[in-house]
Amino acid sequence: MMTQCLECGYTEIIPDLNVFTKLTTQNTDEILYMALEDPAHKGAPVLIGFRAAICGDCGHVEFYTRRAADLQDAHKKGYVTRKTVS
Ligand SMILES: [Zn+2]
């Protein structure tokens, strides 16, 4: 995780924030996430949320996930990013 800002060098970092998105058709908060799917549609999709760390001085944002191993496993199985549905 970011312990020093890559932009300004500041060391007071606000870590481990959940990142939400507000859906327009529902009145609920949803975690911003990545979705990987099996191109053959045999396996369940892998949904992985983002976390953010933000520099307390300049506001530089770094996104990361706590589930990198799950993401890598899905990638190695040939899973690909979900296409948008619009
Ligand atoms: Zn900074």
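**Fold, sheet and backbone**

Modeller: This is a predicted model. In it, Asp-16 is exposed, with 11 other C-beta atoms within 10 Å.

Biologist: Where is Asp-16 placed?

Modeller: The count of 11 other C-beta atoms within 10 Å makes Asp-16 exposed, because the cut-off for exposed is 12 or fewer. Asp-16 is not a glycine, yet its phi is positive, about 60°. Its place, residues 13–18, is strand S1.

Biologist: Which phi does His-41 have, and is His-41 buried or exposed?

Modeller: His-41 lies in the loop between strand S4 (33–37) and strand S5 (46–49). Most residues other than glycine have a negative phi. His-41 is not a glycine, but its phi is positive, at about 60°. Its C-beta has 7 others within 10 Å, so His-41 is exposed.

Biologist: In what order do the elements of the protein chain run from the N terminus on?

Modeller: The protein chain has eight strands and one helix. Read from the N terminus, the order is β-β-β-β-β-β-β-α-β.

Biologist: What is the order of the open sheet of three strands, and which are its edge strands?

Modeller: The pairing in this open sheet is antiparallel, and the order is S5-S4-S8. An edge strand pairs on one side only, and that holds for S5 and strand S8 (80–81). The edge strands are therefore S5 and S8.

Biologist: How many bridges do S4 and S5 pair over, and what is the bridge partner of Met-34 in S5?

Modeller: S4 and S5 pair in the antiparallel sense, over four bridges. For Met-34, the bridge partner in S5 is Ile-48.

Biologist: What radius of gyration does the protein chain have?

Modeller: Along its principal axes, the C-alpha trace spans about 45 × 35 × 15 Å. For 86 residues, a compact globule would have a radius of gyration near 12 Å. The protein chain instead has 16 Å.

Biologist: What percentage of the 86 residues is buried?

Modeller: To count as buried, a residue needs 20 or more other C-beta atoms within 10 Å of its own. In the protein chain, the buried share of the 86 residues is 6%.

Biologist: What share of the contacts with a separation of 6 or more comes from residues 24 or more positions apart?

Modeller: A contact here needs C-beta atoms within 7 Å. Among contacts in the protein chain with a separation of 6 or more, residues 24 or more positions apart account for 54%.

Conventions: Residues numbered from 1 in each chain as written. Predicted model: local features only at pLDDT ≥ 70, side-chain atom pairs only at ≥ 80, totals over all residues. Helix = DSSP H or I, 4+ residues; strand = E, 2+ residues; numbered from the N terminus. Rg over C-alpha atoms; globule rule 2.2 N^0.38 Å. Contact = placed C-beta atoms within 7 Å. Pairing = 2+ DSSP bridges.
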